[in-house]
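Hi,

Here is the structure I promised to send over. Have a look at it first, and then read on for what turned up.

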Amino acid sequence: MVLESIVTTVREMAGADLVTLAVPVGDRGELVIEVASGAPAEQVHGLVLPATALAAKVFESGETITSDA
């Protein structure tokens, strides 16, 4: 699958343990993790991120958001 290849390439280039690609689902601002690459990928695939999650806020606003967490 093309998206899996892209996510894996990004993870390798970034030296990250996990990279995910989330897509919008429903009309409440939630995102669902559609593709994941890394050791815990199976655990997060299909996870629904609520509208209050940082990733959902970035998607909704289209703006860069930084966090110290």
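Let's start on the inside. The largest nonpolar core has 8 residues in all: L31, I33, A36, A41, V44, L49, A53 and A56. Strand β2 and helix α2 (41-44) each supply at least two residues of this core, and β2 gives the most, with 3 residues. Bear in mind that this is a predicted model.

Now for the strands. β2 (residues 30-38) runs antiparallel to β1 (residues 18-25), and 8 bridges join the two. If you want a spot to look at in that pairing, take L21, whose bridge partner in β2 is V35. β1 and β2 form a hairpin with 4 residues between them. In the turn you'll find G26, which has a positive phi of about 70°.

β2 also pairs with β3 (residues 48-49), again antiparallel, through 2 bridges. There, L31 stands opposite L49 in β3, and both of these leucines are members of the core listed above. While you're looking at the strands, a general point: side chains in a regular strand alternate between the two faces of the sheet.

M1, V2, L3, I6 and V10 make a nonpolar surface patch of about 470 Å². One of these residues, L3, sits in helix α1 (residues 2-14). Is L3 buried, exposed or partly exposed? L3 counts as partly exposed because its relative accessible area is 32%, which falls between the 20% limit for buried and the 50% limit for exposed.

Cheers

Definitions and conventions
Residues are numbered from 1 along each chain as its sequence is written. This is a predicted model: local features need pLDDT of at least 70, side-chain atom pairs count only at pLDDT 80 or more; totals for chains, interfaces and linings use all residues. Side-chain values use heavy atoms; hydrogens and water are left out. Two strands pair if DSSP finds at least two bridges between them. Patches are made of residues with over 30% relative accessible area and no salt bridge: like charges are joined within 9 Å, nonpolar side chains (Val, Leu, Ile, Met, Phe, Trp, Tyr) within 5 Å. Accessible areas come from the Shrake-Rupley method with a 1.4 Å probe; for residues, only the protein chains shown count as cover. A salt bridge is a side-chain nitrogen of Lys or Arg within 4 Å of a carboxyl oxygen of Asp or Glu. Buried means under 20% relative accessible area, exposed over 50%, partly exposed in between (1.4 Å probe, protein chains only). A nonpolar core is a set of buried Ala, Val, Leu, Ile, Met, Phe, Trp, Tyr and Cys residues joined through side-chain atoms within 4.5 Å.
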